[in-house]
Amino acid sequence: RQACKIMWKEVIRGVTPDHATLINRDNRRGSMILPGQSMLIIECEPAGYIVHAANEAEKAANVTLVEARAVGAYGRLLMAGRDGDINEAVNAAERALNQINVEARVRPG
């Protein structure tokens, strides 16, 4: 299996109402980010692993899944929530993606 690389990770704190409107306008199918919340963005390669990261982050913290794109070269995850919850979510997502690499090295073939 291909190793997972985190290409980009960022937490944006205190999203303004104007920015929340712009982000929500782009994503009309999922949940919305609210003004004042923090936003987590993670991109990884290959794209499919981002779904696993999203699942683990949601289990670890009270966050809102804004978007998870698992198509193309890079997967992208956007989550929103309070600062403490976003911190837990990013840690859980990173652990999940790093664990993929550990399991890939241990398994033969």
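Biologist: Which helix holds D85?

Modeller: D85 is found in helix α3, residues 83-106. Helices are DSSP runs of H or I with at least four residues, strands are runs of E with at least two, and both are numbered from the N terminus. This is a predicted model: local features need pLDDT of at least 70, side-chain atom pairs count only at pLDDT 80 or more, and totals for chains, interfaces and linings use all residues. Residues are numbered from 1 along each chain as its sequence is written, and side-chain values use heavy atoms, with hydrogens and water left out.

Biologist: Why is D85 called buried?

Modeller: Buried means under 20% relative accessible area, exposed means over 50%, and partly exposed lies in between (1.4 Å probe, protein chains only). D85 has 11% relative accessibility, so D85 counts as buried.

Biologist: Why does I12 count as partly exposed?

Modeller: I12 has 30% relative accessibility, so I12 counts as partly exposed. I12 sits in strand β1, residues 5-12.

Biologist: What does I12 contact, leaving aside neighbours within four places in sequence?

Modeller: Contact means heavy atoms within 4.5 Å. With those neighbours set aside, I12 is in contact with Q37, S38, M39 and I41.

Biologist: Which residues does D85 contact, leaving aside neighbours within four places in sequence?

Modeller: With those neighbours set aside, D85 is in contact with A61, N62 and V63.

Biologist: How far apart are the C-alpha atoms of I12 and A60?

Modeller: The C-alpha atoms of I12 and A60 are separated by 19 Å. Along the chain, these two are 48 residues apart.
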